[in-house]
Amino acid sequence: MILRGGMQTPESDEALAARYLRGDTQAFRELATRYTTPIYNLARRLTRDPMEAENITQETMLRALNALPRVSLDRPLRPWFFKIAVNLCRQWAERKRPQVFSEFQETEEAGVEMIPDSAPSPLEQLEEAELQAHVQRQVDRLPPVDQTVIVLRYVEGLSYEQIAEAMKLPLNTVRTRLRRAKLKLRAALEEGEV
Amino acid sequence: MNHLTWEQIENYAEGRERALDAHVADCAQCQHEIAAERRLTHALTRLERFSPSPEFTAQLDRALEQAESNSLHQALKTRRPSVWTGIAALLASLLLLIFASQTILLLQEGGALDFLLLYFSRPDLLSMYPSESLGALIESLPLVEFILTLGLLYIAITLAQQFFGGANALGQTMGKSER
């Protein structure tokens with residue numbers, strides 16, 4: 001951690017990586033701690049298997065550790081970590097479910113109840129929870145590529161450019177994928193399908 | 001009335017594109033689109049986040065420790081200064097000494113050294129016959145031996161750098177492991 005103006009701000013990924021490359025092994029542990037949950041979350045979502053998600057997370061960290069000396073620290077490391085994880089998920093999918101990563105699979109959709117915009121009352125809170133659960137189910141039904149785009153964008157906060165880098169996809173493909181996935185989700189929400 | 005594009009709706013919902021305020025204020029359809037976009041974004045940012053078990057975190061820590069230790073062994077293996085490099089550097093240095101002394105002898109025997117002495121003591125003499133002087137100097141130089149000596153010098157320096165560079169890297173790696 002670095003002290004700046006009396007406040008503690010987390011050290012950047014790139015600064016941690018540089019520290020590791022200068023011989024501070026603890027710096028990589030900090031990076032690993034930072035990315036373990038996001039990568040596990042992504043892998044768990046895509047594989048739906050906690051054991052596989054753990055394997056992919058561990059392999060991601062080991063590969064990152066070995067490849068770090070060859071990585072340019074001029075660019076953000078965040079997409080790079082996800083790139084390794086997405087590749088491993090892709091390889092897993094090819095082994096377990098051929099073509100699942102490349103095909104846009106249509107899945108059954110079910111209805112949902114309509115929901116109000118905001119809600120402090122108990123009834124509204126319940127409806128909010130139902131909406132959340134419904135969105136969760138709808139996201140789970142998206143093809144893995146679209147799920148990945150959604151998670152990287154809205155859970156991990158990556159920019160479109162960073163998503164394109166992490167997934168090795170053209171920027172326009174990322175935009176199209178995201179737009180299509182969101183249209184599906186919105187349709188499911190608005191039309192009350194469950 | 002032209003409605004907002006998908007991208008504009010997304011940007012507006014995220015608090016950008018404030019220049020579109022006037023249009024949004026008058027357009028019920030765009031207001032509906034923006035509200036739907038905000039609702040979906042809100043739900044997506046609150047998607048369930050899976051966390052690994054504490055056991056896995058501990059296991060990952062051990063795996064990283066093991067990997068770091070393996071990479072140290074690998075570094076020791078690859079960065080150990082080769083004995084053969086050292087021997088080669090030594091041989092190259094010996095050959096360099098032989099060729100260098102041979103070159104100096106030939107410089108003396110061929111008259112190149114005398115020629116140089118003359119150049120410094122009687123520059124006026126040489127300036128009177130510049131082309132003849134240059135020809136005489138070239139003839140007196142043991143060019144082949146000179147080139148061979150320079151080549152050996154390059155080889156000896158390169159080998160010595162490899163040998164001592166490996167030794168330094170090993171020292172750094174050892175220091176890193178101690179920390």
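How many salt bridges does the count between chain B and chain A give? The count is nine, where a salt bridge is a side-chain nitrogen of Lys or Arg within 4 Å of a carboxyl oxygen of Asp or Glu. The model is predicted, so local features need pLDDT of at least 70 and side-chain atom pairs count only at pLDDT 80 or more, while totals for chains, interfaces and linings use all residues. Residues are numbered from 1 along each chain as its sequence is written, chains are lettered from A in the order in which they are written, and side-chain values use heavy atoms, with hydrogens and water left out.

**View 1. Chain B and chain A in contact.** Here 35 residues of chain B are in contact (heavy atoms within 4.5 Å) with 43 residues of chain A. The two chains bury about 3900 Å² between them, with 57% of it on carbon and sulfur atoms; this buried area is the accessible area (1.4 Å probe) lost on putting two parts together, summed over both. Trp6(B), Arg39(B) and Phe50(B) supply 20% of the area that chain B buries against chain A, more than any other three residues.

**View 2. A salt bridge between Lys182(A) and Glu37(B).** Look for the two side chains meeting at 2.6 Å, N to O. On the side of chain B that touches chain A, the elements giving two or more residues are H1 (6–13), H3 (28–45) and H4 (54–79) of chain B; these helices are DSSP runs (H or I) of at least four residues, numbered from the N terminus. H3(B) gives the largest share, twelve residues.

**View 3. Arg29(A) and its neighbours in chain B.** Find Arg29(A) in helix H2 (residues 25–47) of chain A. Not counting residues up to four places away in sequence, Arg29(A) touches Asp61(B), Leu64(B), Glu65(B) and Glu68(B).

**View 4. The largest nonpolar core.** A nonpolar core is a set of buried Ala, Val, Leu, Ile, Met, Phe, Trp, Tyr and Cys residues joined through side-chain atoms within 4.5 Å. Of the 65 residues in this one, those touching the most other members include Phe28(A), Leu31(A) and Leu44(B). A second, separate core of nine residues includes Ile9(B) and Cys27(B).

Methods
Buried < 20%, exposed > 50% of the residue type's maximum accessible area, 1.4 Å probe, protein only.
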